[in-house]
Amino acid sequence: QVQLVESGGGLVQPGGSLRLSCAASGSIFSINVMGWYRQAPGKGRELVAVIISGGSQNYADSVKGRFTISRDNAKNTVYLQMNSLKPEDTAVYFCNANVKLRLDGPQYKYWGQGTQVTVSS
């Protein structure tokens, strides 16, 4: 089984910064895509940023220029550096990973439990 454990959420004032981390553990052969999603109260889950194993990144328009996704493949960990935070960034942030458990097997999608980010003065 694979587990994703997030950390780094909290309360921050508008204009502030937070760094989220997500570590994957378990019977992992490889991880292709890792990403962050978020869900605000009363809204659906939306993509924030994803990063491929080779380093290519994709961001939601709403966070471009403010958020940076990175990963440490040796540690199976993905990070989200969030700068210039706005009240509308308030949400539960979820980590996601597409994991292969063996070389010739399929990819499975796993989710973390979520971490709350609140941007408020």
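Strands, like helices, are read from DSSP runs and numbered from the N terminus, with at least two residues required for a strand (E) and at least four for a helix (H or I), and two strands are said to pair if DSSP finds at least two bridges between them. The model described here is predicted, so local features need pLDDT of at least 70 and side-chain atom pairs count only at pLDDT 80 or more, while totals for chains, interfaces and linings use all residues. Residues are numbered from 1 along each chain as its sequence is written, and side-chain values use heavy atoms, with hydrogens and water left out.

With these terms in hand, the chain can be taken as a whole: it has 11 strands and 0 helices. Its radius of gyration, taken over C-alpha atoms, is 14 Å, close to the 14 Å that the globule rule (2.2 Å times the number of residues to the power 0.38) gives for 121 residues, so the chain is as compact as a globular protein of that length. Along the principal axes, the C-alpha atoms fill a box of roughly 50 × 25 × 25 Å.

Four of the strands make up an open sheet, in the order E1-E3-E8-E7 and with antiparallel pairing. At its edges stand strand E1 (2-7) and strand E7 (67-72), each of which pairs on one side only. Within this sheet, strand E3 (residues 18-26) pairs with E8 in the antiparallel sense over 6 bridges, and Arg 19 stands opposite Gln 81 in E8.

Another pairing joins E9 to strand E10 (residues 107-111), again in the antiparallel sense, over 5 bridges. These two strands form a hairpin with 6 residues between them, and the bridge partner of Asn 96 in E10 is Trp 111.

Strand E9 also holds Ala 97, which counts as buried (under 20% relative accessible area, whereas exposed means over 50% and partly exposed lies in between, with a 1.4 Å probe and protein chains only), because its relative accessibility is 0%. Leaving aside neighbours within four places in sequence, Ala 97 is in contact (heavy atoms within 4.5 Å) with several residues, among them Leu 4, Ile 31, Met 34 and Tyr 108. Although Ala 97 and Met 34 are 63 residues apart in sequence, their C-alpha atoms are 4.4 Å apart in space.

Arg 38 takes part in one with Glu 46 (2.7 Å, N to O) and in another with Asp 89 (3.0 Å, N to O). Arg 38 lies in strand E4 (residues 30-39) and Asp 89 in the loop between strand E8 (77-82) and strand E9 (91-100), so the pair ties together parts that are 51 residues apart in sequence. Both Arg 38 and Asp 89 are buried, whereas Glu 46 is partly exposed, with a relative accessible area of 37%. Arg 38, Glu 46, Arg 66 and Asp 89 are linked in a network of salt bridges.

Which residue forms a salt bridge with Asp 61? The partner is Lys 64, and the closest N and O atoms of this pair are 3.1 Å apart. Asp 61 is exposed, with a relative accessible area of 65%, and Lys 64 is partly exposed, at 48%.

Notes: Salt bridge = Lys/Arg side-chain N within 4 Å of Asp/Glu carboxyl O.
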